[in-house]
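Here are my notes on this one, in the order I'd go through them. Have the viewer open while you read.

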Amino acid sequence: MPELPEVEVVRLGLEPAVAGARVGDVELHEPRSLRRHVRELGDFETLLRGARLSAPVRRGKFLWLPIERSGPPLALLAHLGMSGQLLLRSVDRQAQPRTRVRILLQPAGRPELFLDFVDQRMFGSLAVDRLVPTDDGAPGGLGSARPLVPAQAAHIARDPLDPAFDEERFIRRVRASRSGVKRALLDQRLVSGIGNIYADEALWAAGLHYERPGSALSRAQLLRLLTAVREVMLRALAEGGTSFDAQYVNVNGASGYFSRSLTVYGRQGLPCARCGTVLRREPFMNRSSHLCPRCQPRPRARRSG
DNA sequence: AGCGAGCCCTGCGCGC
DNA sequence: TGCGCGCAGGGCTCGC
């Protein structure tokens, strides 16, 4: 369940089971799911067995569970990719198909349970990674007050729901570039957590075409765009995220309902909710963009020279 | 430096 | 029915 609202649903669902829990056995069913594991720290399973975990933290689409230990700080890092799920299952349940890693959790004073990493396409992964200091001294992400972030997520920007998100830096960098505004929204180094669905939804809400050059946008337009991003993400979060099928579910396997509330994504051929014009889907960066051609007019081509 | 292409994968729905 | 194609919530690396 890939974009920020879906990962946040997972973070909230994991928190009560994971915070303070000890790790029992670790079963690795698919070594490719550890692609991002940092080998020099040691063996993934060995590092985790017996470890105590603290509450989950999220920045953008990255989620991590800090490991309580002496010595350099480490965390169990998860990225769900396109199809990853983290599921909590009672110990009498068989692993469902495509379970790649199964971690036994022993919460204090409560029955033990499995944390299953399920991933169809295997673009997602788990790892043990080092925690490094944040460059601004603020907390690493939502869920922890500690100014630490996994090394593999240190290069990505904060997300728009993070109180320490540097709005002015985002605006400055977008306005300094002539590339299209959707590219900027999807560039996790500028702002994290936004994927194809919420980029299209926010651009529609802000009335901007995906190819509008960043350099042509005013500060006020970019502030409105960030507001639109936050607004659509918060609404999605309130509905449990966007689920098109059983691939995108919370830690209990339940779907979110925000797909009913999408205004442009996947709605090509249907009328725009604002003006009735037929919505379009257009190729973009080996994916698609969905838009209303009237509310989001294509920028006039710049004449060179 | 920025940007497009290719790659990492599995599986579904569609047209032929 | 079967096959090939296009498509899918992401992101890293490599060239130009």
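1. First, a caveat: this is a predicted model. Keep that in mind for the contact distances below.

2. Let's start with the strands. β5 (residues 74–79) and β9 (residues 125–133) run antiparallel, with six bridges joining them. If you want a pair to click on, Ala75 has Asp129 of β9 as its bridge partner.

3. On to the next pairing of β9. Three bridges link β9 to β10 (residues 148–150), again in the antiparallel sense. Here Leu131 is bridged to Pro150 in β10.

4. Now the DNA. Around DNA strand C there are 21 residues, and the closest are His79, Tyr248, Tyr265, Arg287 and Ser288. By class, this surface splits into seven nonpolar, seven polar and seven charged residues.

5. A few polar contacts are worth a look. On the phosphate side, an N or O atom in the Arg36 side chain sits 3.4 Å from a phosphate oxygen of DNA strand C, and for the Asn196 side chain the distance to a phosphate oxygen is 3.3 Å. Arg121 instead has a polar side-chain atom 3.2 Å from a base nitrogen of DNA strand C.

6. As for elements, α5 (196–206) and β12 (287–291) are the ones that give two or more residues to the surface near DNA strand C.

Definitions and conventions
Residues numbered from 1 in each chain as written. Chains lettered and ligands numbered in written order. Predicted model: local features only at pLDDT ≥ 70, side-chain atom pairs only at ≥ 80, totals over all residues. Heavy atoms only, no water. Pairing = 2+ DSSP bridges. Helix = DSSP H or I, 4+ residues; strand = E, 2+ residues; numbered from the N terminus. Near = heavy atom within 4 Å. Polar contact = N/O pair within 3.5 Å; in protein donor to acceptor, adjacent residues only side chain to side chain. Nonpolar A, V, L, I, M, F, W, Y, C, P; charged D, E, K, R; others polar.
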